[in-house]
Amino acid sequence: RINNLSRGMKQRVAIGQAIIHNPEILILDEPASGLDPEARIGLANLFKYLNKEGMTILVTSHILAELNEYANQLLVIKQGRIIENTNKMIAANSDSESILQIQSLQDLQEVKAFLQENLEMNEIDIDGEVLLVKFYGNEESKRTVLQKMVIAGLPITEFSTFQTNIQQEYLRIIGEK
């Protein structure tokens, strides 16, 4: 009997009831509520699968960090009005805008100057002890950037793709509106 199940199991049953008829659009409010960590991972995998199969899934949640696993679009509603509807997810291997995060033992102004002279970059900013480089390219382009920096003898201590998460993006949007 369902009323004898734990809260998490009841949540699983409710999600199963919602998807059993394979709807085109699925609207869920806090679907991970009451689920343990393993079940949350399973839920994210299920949502990714259903989305690949063509189902549109609209999820509301106050725990924005868990949406990072499967969300591909962000819709922000404030006082009943849509204030942002944006697709912020970037495919890792696509020729799209990327932001590289670079740390170096060398003065970041020198690294910035090297990059500006030797590579075509859209924008280069220094944020504390990190150099943020915005450019268009894929994984091969990133390898090329790193290779040129190493060949030039720049002492790079970190080189990674910088990605904002949904919570950071939400706070940025709310702060602007």
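This is a predicted model: local features need pLDDT of at least 70, side-chain atom pairs count only at pLDDT 80 or more; totals for chains, interfaces and linings use all residues.
1. Lys 112 is buried yet forms no salt bridge. Asp 125 is the nearest side chain of opposite charge, at 5.3 Å.

2. Where does Lys 112 sit? The residue belongs to helix 3, which covers residues 108-118. Leaving aside residues up to four places away in sequence, Lys 112 touches Ile 124, Ile 126 and Leu 131.

3. Now the chain as a whole. The chain has 5 helices and 8 strands. Read from the N terminus, their order is α-β-α-β-β-β-β-α-β-β-α-β-α. Of the 177 residues, 31% are buried. Take the contacts in the chain with a separation of 6 or more: 60% of them join residues 24 or more positions apart.

4. The aromatic count is 1 pair. Phe 47 and Tyr 70 form an edge-to-face pair, because their ring planes stand at 75° and their centres are 5.0 Å apart. Edge-to-face calls for planes over 60 degrees apart.

5. Phe 47 and Tyr 70 are both buried.

6. The largest pocket has a volume of about 840 Å³. Its lining counts 26 residues, and the closest to the pocket centre are Leu 58, Val 59, Thr 60, Gln 73 and Leu 75.

7. Which elements give two or more residues to the lining of the largest pocket? They are strand 1 (25-29), helix 2, strand 2, strand 3 and helix 5 (166-176). Strand 2 gives the most, with 5 residues.

8. Is Asn 22 buried or exposed? Asn 22 counts as exposed, because its relative accessibility is 58% and the cut-off for exposed is over 50%. The residue is found in the loop between helix 1 (7-19) and strand 1. Asn 22 and Glu 53 are 31 residues apart in sequence. In space, they are 9.9 Å apart, C-alpha to C-alpha.

Methods: Residues are numbered from 1 along each chain as its sequence is written. Side-chain values use heavy atoms; hydrogens and water are left out. Rings of Phe, Tyr and Trp (its six-membered ring) pair if their centres lie within 6.5 Å; planes under 30 degrees apart count as stacked, over 60 as edge-to-face and the rest as tilted. Buried means under 20% relative accessible area, exposed over 50%, partly exposed in between (1.4 Å probe, protein chains only). Helices (H or I, at least four residues) and strands (E, at least two) are DSSP runs, numbered from the N terminus. Lys and Arg count as positive and Asp and Glu as negative; His and the chain ends are not counted. A salt bridge is a side-chain nitrogen of Lys or Arg within 4 Å of a carboxyl oxygen of Asp or Glu. Contact means heavy atoms within 4.5 Å. On a 1 Å grid over the protein atoms alone, a cavity is a set of points where a 1.4 Å probe fits but cannot get out, and a pocket is an open set with protein on both sides within 12 Å along at least five of seven lines; lining residues have an atom within 4 Å of a point. Grid points are joined across faces, edges and corners, and a volume is the space filled by probe spheres set on the points.
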